[in-house]
Amino acid sequence: MLRPLLRLSRQPVGPSLAKRATMVTTSRKANIAELNVTEWKNEVPVNNIIHNHNNKTYTVLPITFWMDNITKKRSLVDSNIVLKDEDLEPKTMADSYIEAYLPLKSSPSLLDAYVGTDGNFRIGKIIEDFDALAGTISCKHTDAFLGGQPITVVTASVDRMELLMPNSIEDLKISGHVAYVGRSSMEVFVKLETVKNYSLEDLNNTSPPDNFLAKPTPNTILFARFTMVATSSATGKPTRVNALTLLNEEERELMAFAEDCKMRKKKATEISLNKVAPTSEEREALHEIYMNYSKYDKKEMAPENTCWMEDTKLQSVILMQPQNRNIHNNVFGGYLMRRALELAHATGTVFAKGNVGLMSSDEIVFKKPVPVGALLNLTSQVRYAEGGNHRSFQIDVTAEVTNIETGTTDVTNTFHFTFASKDKPVRQILPRTYVESILYLEGKRRRDNGVDAKKQLLELMKINQ
C-alpha cells in the first residue's frame, strides 16, 4: 500500500542520495531503488511519496540530487542478463494495486497544501498525484523481480478523466491498478473517492481490500484512464510487459471496458479531421454560422451572446525547474497537466465572466519529454461553445517547448478540457477562418464523444452495484 507517511530520508546533508541508498538495483522493469525511508508525523502530498512492497521501493521521484547531474554524468549499471518473454510471470490486477489516503478533512496541514481560493481542493494537484500514482503502479506491474536491463516507463497519454461528484473537502483515497496490457503498453485505471470514518489504522493495511477494483462507485469523485508505455533504457525501443491474469468475471468486465475504450479511441483517430473531410452535416452547420455572422466586420465586436474564437486566447511562459523533475530527470507529466489545467481554468473564467468548474479531460497526449531548463509556452483557447441555454464549453491547451541553447521549438503536449459555468449560460463561440472552423468542429466532436464516454462509464458503475 502506498503510505502517505513515507518519504526519502535526507539527513544528514553530505554524500549524494544515491550513495546513501542501501542499494540501487538494475531491475529489468523500471528504475527501482531500495532506499532508506523515515516516517513523518505529518501527512505529505501523494506525489512526494514512495511505495514499499516485498522489500522493494517503487518511486517516480528522482533518486539523486540535481547537483549530482551537473557535476557528474549519470551512468547506467551494466547488466549481462537478457530476459526472455517466458521469464515474465503474469500478474493480476491486485499485484499492481496501490492506494494512498488524503485526509483533507481530518488534517488541516495537508488541506493547506491542496486547498484553492474557493475553499475546495485543487483538481490540478490531484491530477499531479494521479500521474505519479499511475507511474508507480506501472513500475510495480512490470517488475520481474529478476536482474536485467532497466527500462523506462512513461505516460503516453491520459485517455479520459471524468469528474463524477462535486468538488468538496472530505477525507479522500486515491487508488488504482493495471486494467489492461498490450505488448509494451499498460492501461492504468485510477480513481479518487471519499472515505468515511478515516483512521490512521487504514494505513496499516498490507493487502488490497476485497473491493479494490478501480471501478466508479457512488463515492467516486474523479476517474481516470492512463496509457503507460515501457521502453528499454539501453535502446529506447518498446519492451514487452508482463501479461495480465484475470481471476473472476468482474475483472473480465473491467478489461472488456478497457478494450472497448481503446477501440473507441482508434475509431475516433481514423475519422479525425486531420485525415478526412468534415461530414455533410458538419459542413451545413459551418455554413449556417457563416450565413448568420459573415455580415459582421472582423474589426467589430462579436454580436450579443457570441464571442470570436480568436478573442479567447491566453498564454503563459514558464521556465522548467529541477524541483519538478521525475526519476528520468524530465519534467513530471502531472506537473504539466496541472499548469495546463490552471491556464485553461483562467481562460474559462474570463470567457464565462464568472466561476467555472472542470467536467472532464479528453486524451491528453505526451508527444515528447520536457527537459529541465527549457521554456514551456502554454497557449489556451476556447474551441467550442454552443451558446443558448448551454453552460459547457471546450478548451484546448497546446504546450510548446523551446530549447534555450538551440532556439528550437517543438510541440510536446496537447490538452483537451471540458468546463461548465456554475451559474449562467455561456456565449456561443464563432470561428472566422477555415482553420478555426476545423478546430470548432473538433471541439464539438469531443463534446459529443465525451457525453457517450460518460454514459459508458456510468454503465460500468451500474454493473459494479
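This is a predicted model: local features need pLDDT of at least 70, side-chain atom pairs count only at pLDDT 80 or more; totals for chains, interfaces and linings use all residues.
**Helix 4**

Helix 4 spans residues 123-142 and comprises 20 residues. Its first and last C-alpha atoms are 29 Å apart, close to the 28 Å expected at 1.5 Å a residue. Since 20 of the 20 residues of helix 4 are buried, the helix is largely enclosed by the rest of the structure. In a helix of the α type there are 3.6 residues a turn, so residues three or four places apart point the same way.

Strand 9 pairs with strand 12 (residues 220-232) in the antiparallel sense, over eleven bridges. Strand 9 is also joined to strand 16 (residues 356-366), again antiparallel, by five bridges. Strand 16 in turn pairs with strand 19 in the antiparallel sense over seven bridges. Eight of the eleven residues of strand 16 are buried, so strand 16 too is largely enclosed by the rest of the structure. In a regular strand, side chains alternate between the two faces of the sheet.

Individual residues that stand opposite one another in these pairings are listed below.

| Residue | Opposite residue | Strand of the opposite residue |
|---|---|---|
| Val153 | Ala230 | strand 12 |
| Arg160 | Asp362 | strand 16 |
| Phe366 | Asn413 | strand 19 |

**Ser421**

Ser421 belongs to strand 19, which comprises residues 409-421. Its relative accessible area is 5%, and because buried means under 20%, Ser421 counts as buried. A polar atom of the Ser421 side chain lies 2.8 Å from the backbone oxygen of Lys424. When neighbours within four places in sequence are left aside, Ser421 is in contact with Ala352, Asn355, Val356, Arg391, Phe393 and Val426. Of these, Val356 falls in strand 16 (residues 356-366), and Phe393 is also a member of an aromatic cluster.

**Aromatic rings**

The model contains nine aromatic pairs. Ring pairs link Phe393 with Phe351, Phe415, Phe417 and Phe419 into a cluster. Arg432 lies over the face of Trp308, at 3.9 Å from the ring centre. Lys125 lies over the face of Tyr114, at 5.8 Å from the ring centre.

Conventions:
Residues are numbered from 1 along each chain as its sequence is written. Side-chain values use heavy atoms; hydrogens and water are left out. Helices (H or I, at least four residues) and strands (E, at least two) are DSSP runs, numbered from the N terminus. The expected span of a helix is 1.5 Å times one less than its number of residues. Buried means under 20% relative accessible area, exposed over 50%, partly exposed in between (1.4 Å probe, protein chains only). Rings of Phe, Tyr and Trp (its six-membered ring) pair if their centres lie within 6.5 Å; planes under 30 degrees apart count as stacked, over 60 as edge-to-face and the rest as tilted. A charge sits over a ring if NZ of Lys or CZ of Arg is within 6 Å of the ring centre and within 35 degrees of the ring normal. Two strands pair if DSSP finds at least two bridges between them. A polar contact is a pair of N or O atoms within 3.5 Å; within protein, one must be able to donate a hydrogen and the other to accept it, and residues adjacent in sequence count only if both atoms are side-chain atoms. Contact means heavy atoms within 4.5 Å.
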